[in-house]
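Here are my notes on this model. Please read them with the structure open.

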Amino acid sequence: MSIKRLGIVVVGASGDLAQRKVIPALFALYCQGYLPEDFQIYGLARTPYDQEGFRRKIAENLTCRYTPGESCAGKTEAFLSHCHYCQGQYSSSDSFLDLFQLMRSVEGDGPVNRIFYMAIPPTVFMQVASAMGDSGLVTCGDREEWLRVVVEKPFGRDRATSDALVQEMHKVFTEEMTYRIDHYLGKEIIQNLMVLRFANIIFEPLWNRHFIESVRIRWAEPVGVGQRGGYFDGFGIIRDVMQNHLLQIMALLAMDPPANLEAGPVRDAKVKLLRDVLPVSMNNLVVGQYGPSESGQQPAYVAEAMVSPRSRTPTYAAAELRINNPRWDGVPFLIEAGKALDERINEVRIRFRKVPHGLFERWGTVMQANELVIRIQPDEAISFEIMNKAPGLDLELIRTGLNLRYQAAFNALIPDAYECLLLDVIQGDRNLFIRSDELAAAWDVFTPALHQLESGHVVPERYPYGSSGPAAGKTLMSRHGG
Ligand SMILES: NC(=O)c1ccc[n+]([C@@H]2O[C@H](COP(=O)([O-])OP(=O)(O)OC[C@H]3O[C@@H](n4cnc5c(N)ncnc54)[C@H](OP(=O)(O)O)[C@@H]3O)[C@@H](O)[C@H]2O)c1
């Protein structure tokens, strides 16, 4: 059904996420004609701006990459004329009534579909939800309008707090209204995972314990926590990256084919898989924390702003996950995430078993396994490492890659994850959003280990800022040829 009128409220509109991601993504959708003609964007936050000041702030981050040749200034001005600001307090229902007055003065009467994007710290979530509920904003609409609320991770700290948050949110918003974002799922190459697996005949017959030796999912960043120390110290790398982004990637890689591509069956398939993942224990988990760089120029984690000097929060973790089902029995899924490492990379390596007989070995060739490598960032690419004969008079085998580099292969702009996800919210496509039972199953994988870590007995292994990570992480990976 096409949408005639749309009002998008960005709560926390002064913040980093709103300014750098959410509003620029809405501008990109506008430039490509995906927003209805009658749309309005409302910012709500405590910072005082007048309308012009708010629009100037938004304009700082808008780029006209989808409309080359058109007047960028004209496009920007036209978009900004749809943007409005309401200063208010997050816990005050009066602020939401002020917002409602503003919306009505801009839109006039008649039904308007609404999206509330919660671009606020998790500590403020419930205040906003309650104030919205008290103001009557959630229930006052006509029958033909809908209201959707978009929430960002973190969704709790463990299974119990996540369940409590879900229940509290449900007092105000139904599950149908709730869109829990994991922006990794909006990335082009992540969306390609299902296509790669299920639209190519060659993979599915091999996609099991008989042909796959191990799966490795790696996320590394060359920078420390910077200005995010206050947030990060309360969460750590497992909650920040592993329990959500990496586990979602694993679910898409390992789930059974869904019955169809509707949101229900896809999310059912992911939940089924996540419920089969055995909880991580300290026997198959390594944690680390960065110390100063060897040159002394980069600080130790515990010397970062807003981080406790006695903090034991992990900035690195590596885990060997096992999936207790017939397809994956015995196959290690190695997931690793770290900050302040020696590279920026996020990739998946699916290592196949080696060819079982030594036809070429009498030439002294060491056979290597085939690997399917999916690089999520930087520079999206898929490559398939296969054995080949090296050109020449001798029979020498080398492993080389069949490469698909997105930039070179597709002559198209790759949309930002937020563009894709916001369009899905507008269109009511829930496929890429996390359902509450999926969230619960994902927490179950990590909650026991998180509790053990927080009992205070586990000291993360130090690694130098800018290094390849703690030695124990390498040992864990090398157990499986990593
Ligand atoms: N930034 C990202 O790239 C990113 C990526 C993934 C997820 N997220 C998640 O998205 C949410 C928003 O992230 P963000 O980076 O935009 O956060 P942020 O900049 O720290 O906060 C957004 C806005 O919330 C208000 N705020 C900040 N701290 C507050 C506090 N203690 N009490 C009340 N209001 C406060 C501020 O607005 P006023 O002072 O004007 O009210 C601020 O501009 C968070 O849940 C974050 O975890 C962010």
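1. A residue counts as near a molecule if its C-beta atom, placed from the backbone, lies within 6 Å of it. The ligand is surrounded by 20 residues. Gly15, Leu17, Ala45, Arg46 and Thr47 are the closest. Helix H1 (16-31) and helix H5 (122-135) are the elements that give two or more residues to this shell. Helices here are DSSP runs (H or I, at least four residues), numbered from the N terminus. H1 gives the most, with four residues.

2. A caution on the source. This is a predicted model: local features need pLDDT of at least 70, side-chain atom pairs count only at pLDDT 80 or more, and totals for chains, interfaces and linings use all residues. Residues are numbered from 1 along each chain as its sequence is written.

3. Gln127 is found in helix H5. Gln127 is partly exposed, with 14 other C-beta atoms within 10 Å. (Buried means 20 or more such atoms, exposed 12 or fewer, partly exposed in between; C-beta atoms are placed from the backbone.) Leaving aside neighbours within four places in sequence, Gln127 is in contact (C-beta atoms, placed from the backbone, within 7 Å) with Tyr90 and Ser91. The C-alpha atoms of Gln127 and Ser91 are separated by 4.8 Å, though the two residues are 36 residues apart along the chain.

4. Look at helix H9 (residues 236-254) next. A kink of about 45° is centred on Met242. The bend at a residue is the angle between axes fitted to the seven residues ending there and the seven starting there. In H9, 19 of the 19 residues are buried, so H9 is largely enclosed by the rest of the structure.

Conventions: The expected span of a helix is 1.5 Å times one less than its number of residues. Two residues are in contact if their C-beta atoms, placed from the backbone, lie within 7 Å.
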